[in-house]
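Please take a moment with the chain before reading on, and keep its sequence beside the model. The paragraphs below are meant to be read with both in view.

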Amino acid sequence: MDRRWDRLRKHLRYVTRYPGVMPRAAANYARMILGQERLRGVEFALTYACPGRCGHCSAAFLRRDDRPLLTLEEKKSVVRQCLALGALNINLTGGECLTLPELSEVVKACRPRRTVVSLATNGLLLDERHCDDIARWGVSIVTVSLDSANPTAHDAGRGIPGLFERIMRGVDLLQARGVEVFLCTILTRQNIADGDAEAMQRLAVEKNVMLTVNLPCPVGGWAKEDVLLDEAQRAFHREFIIRPHVRWEGSSNYFRMGCPAGVEKLYLSPYGDVMPCNFLHVSYGNLRERALADIWRDILTRSPFNRVHDRCLIAEDTEFLRDVIEPIDQSPRQPIPVGEHPTAAETLLRPVGAGLVSAPKQKKGD
């Protein structure tokens with residue numbers, strides 16, 4: 001299938017399923033035609049607490065018990081700033097965000113009738129009570145991590161016996177309440193070779209859910225592992241993500257498929273750090289110190305995150321891995337402030353011009 005038609009088909013799903021978002025999406029396109037940049041999505045980690053024990057976890061490397069978490073009012077302010085910059089999707093993640101007592105208040109601040117609000121979870125807490133809450137709050141999508149279509153293999157990788165069955169029951173409970181479900185996995189050499197990747201696609205078709213398939217990145221628990229795919233395996237990924245019920249993080253961009261890090265999508269930590277991507281542990285600023293519009297302007301006026309890339313720099317660009325990711329992996333503290341990264345001037349802070357962002361002024365208190 002032609003990729004342009006595949007993207008159009010997947011975009012049209014949202015026109016009918018989330019009509020309340022369409023006026024804001026149309027306004028974003030109009031403002032972009034006038035030369036303004038608009039955010040599409042934000043990954044907002046609310047906590048790094050998690051009952052899972054995943055060997056490849058990268059969020060665990062960002063957890064700092066000596067740093068204060070954003071307060072509820074600060075989280076609400078962050079959400080308001082995201083919406084003011086155009087964010088159509090706010091994905092609340094972690095850690096395990098379902099452990100957060102004030103989660104309903106954060107969802108409410110996201111204005112779920114006019115925003116695609118999604119929750120990322122490992123599925124452990126998807127019982128009837130939590131699924132009732134999720135539906136009542138107005139959450140559009142729940143994204144559940146899946147490592148394998150084989151229950152034993154999935155549970156072993158997550159360190160939680162019986163988790164696969166909890167996920168499958170949670171999918172049914174959410175769908176019965178009108179909540180869309182995405183499964184999210186990482187394409188690896190092993191699941192390509194043994195057919196597990198295709199088994200997960202069949203499972204997605206069977207359960208009538210979307211399967212997000214991302215590339216493996218040598219960060220976090222995989223920092224010292226040889227996980228990069230070769231060209232044939234990356235070609236398999238490019239073919240795989242246009243199959244029915246399959247997508248990847250670059251499938252929903254405004255104009256073209258590719259990595260949206262920094263230019264269309266941002267990652268925010270529970271301490272207020274702003275990063276282009278959850279796998280790139282470099283902070284361009286902190287929301288307790290600067291407005292999101294100002295930090296995003298800095299990202300957009302520097303290369304390389306001023307444009308959509310055809311490929312994932314962390315999963316496919318060996319020079320970027322050597323010059324940017326390896327120093328981060330060797331650092332005792334993550335994220336590294338961008339100005340303290342040893343190669344920042346050559347790799348992360350190359351000026352490309354100014355005035356790319358015409359952001360609305362933040363209201364006092366935001």
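What follows goes from the nonpolar cores to some backbone features, then to one asparagine and a pocket.

The model is predicted, so that local features need pLDDT of at least 70 and side-chain atom pairs count only at pLDDT 80 or more, whereas totals for chains, interfaces and linings use all residues. Residues are numbered from 1 along each chain as its sequence is written, and side-chain values use heavy atoms, with hydrogens and water left out.

In soluble globular proteins, nonpolar side chains tend to be buried together. A nonpolar core is here a set of buried Ala, Val, Leu, Ile, Met, Phe, Trp, Tyr and Cys residues joined through side-chain atoms within 4.5 Å, where buried means under 20% relative accessible area, exposed means over 50%, and partly exposed lies in between (1.4 Å probe, protein chains only). The largest such core has 94 residues, and those with the most contacts inside it are Leu 92, Leu 268, Leu 280 and Ile 314. Its largest share, seven residues, comes from helix 7 (residues 163-176); helices (H or I, at least four residues) and strands (E, at least two) are DSSP runs numbered from the N terminus. A second, separate core of ten residues includes Tyr 18, Ile 141, Phe 182 and Met 210. Leaving aside neighbours within four places in sequence, Leu 268 is in contact (heavy atoms within 4.5 Å) with residues including Val 42, Phe 44, Val 78, Cys 82, Leu 287 and Leu 292.

The backbone comes next. Most residues other than glycine have a negative phi, and most peptide bonds are trans. The bond from Ser 303 to Pro 304 is cis, with omega near 20 degrees, and Pro 304 lies in the loop between strand 11 (302-303) and helix 12 (313-316). The bond from Gln 334 to Pro 335 is likewise cis, with omega near 0 degrees, and Pro 335 is placed in the loop between helix 13 (318-329) and strand 12 (336-337). Asn 208, in the loop between helix 9 (196-207) and strand 6 (210-214), has a positive phi near 60 degrees, and this residue counts as exposed because its relative accessibility is 57%. His 245, in the loop between helix 10 (231-240) and strand 7 (246-247), has a positive phi near 70 degrees, and His 245 counts as partly exposed at 22% relative accessibility.

Which atoms does the side chain of Asn 286 reach? Asn 286 sits in the loop between strand 10 (282-283) and helix 11 (292-300) and is buried, with a relative accessible area of 9%. A polar atom of its side chain lies 3.1 Å from the backbone oxygen of Tyr 271, and the side chain of Asn 286 also reaches the backbone nitrogen of Arg 288 at 2.8 Å. Beyond neighbours within four places in sequence, Asn 286 is in contact with Arg 67, Tyr 271, Gly 272, Asp 273 and Ile 295.

Finally, there is a pocket to consider. On a 1 Å grid over the protein atoms alone, a pocket is an open set of points where a 1.4 Å probe fits, with protein on both sides within 12 Å along at least five of seven lines, and lining residues have an atom within 4 Å of a point. The second largest pocket holds about 350 Å³ of space, a volume being the space filled by probe spheres set on the points. Of the 16 residues that line this pocket, the closest to its centre are Asp 147, Thr 188, Gln 190, Asn 191 and Trp 222. Helix 6 (151-158), strand 5 (180-186) and helix 8 (189-193) each supply at least two lining residues, and helix 6 gives the most, with three.

Terms used. A polar contact is a pair of N or O atoms within 3.5 Å; within protein, one must be able to donate a hydrogen and the other to accept it, and residues adjacent in sequence count only if both atoms are side-chain atoms.
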